[in-house]
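I opened the model to go through its packing and ring contacts. My entries follow in the sequence in which I looked things up.

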Amino acid sequence: MLSEHEKLDQKINSIKNQLENLPPGKLVLSHNNEQYKWYQSTGHTKTYIPKKEQKLAESLAVKKYLTLSLDELEKEKRA
């Protein structure tokens, strides 16, 4: 049976592997009246993501979720 520390290591490694396959940058949302617009930010530039490229926006949203999950798991491991 695996210890809690080893389980955390497995989860962390799994998330890191998933993050390698996701697109670069992060998702930025902009609200204009009743419409939302998606942008891909790479630090210095923002690129508009049209609605027909919804899969890219979803991938960036998953990346944000996994990054936050990874941070939480690493904090738990240190504790």
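I looked up the contacts of leucine 19 (heavy atoms within 4.5 Å), leaving out residues up to four places away in sequence, and found Lys63, Leu66, Thr67 and Leu70. This is a predicted model, in which local features need pLDDT of at least 70 and side-chain atom pairs pLDDT 80 or more, while totals for chains, interfaces and linings use all residues. Residues are numbered from 1 along each chain as its sequence is written, and side-chain values use heavy atoms, without hydrogens and water.

The seven residues are Leu8, Ile12, Ile15, Leu19, Leu66, Leu70 and Leu73.

Then I checked asparagine 21, in the loop between helix H1 (4-20) and strand E1 (26-32). Asparagine 21 is exposed, at 68% relative accessibility. Its C-alpha lies 9.6 Å from that of serine 59, 38 residues apart in sequence.

Last, I looked for charges over rings (NZ of Lys or CZ of Arg within 6 Å of the ring centre and within 35 degrees of the ring normal). Lysine 46 has its charged end over the ring of tyrosine 39, 4.8 Å from the centre. Lysine 51 lies over the face of tryptophan 38, at 4.0 Å.

Definitions and conventions. Helices (H or I, at least four residues) and strands (E, at least two) are DSSP runs, numbered from the N terminus. Buried means under 20% relative accessible area, exposed over 50%, partly exposed in between (1.4 Å probe, protein chains only). A nonpolar core is a set of buried Ala, Val, Leu, Ile, Met, Phe, Trp, Tyr and Cys residues joined through side-chain atoms within 4.5 Å.
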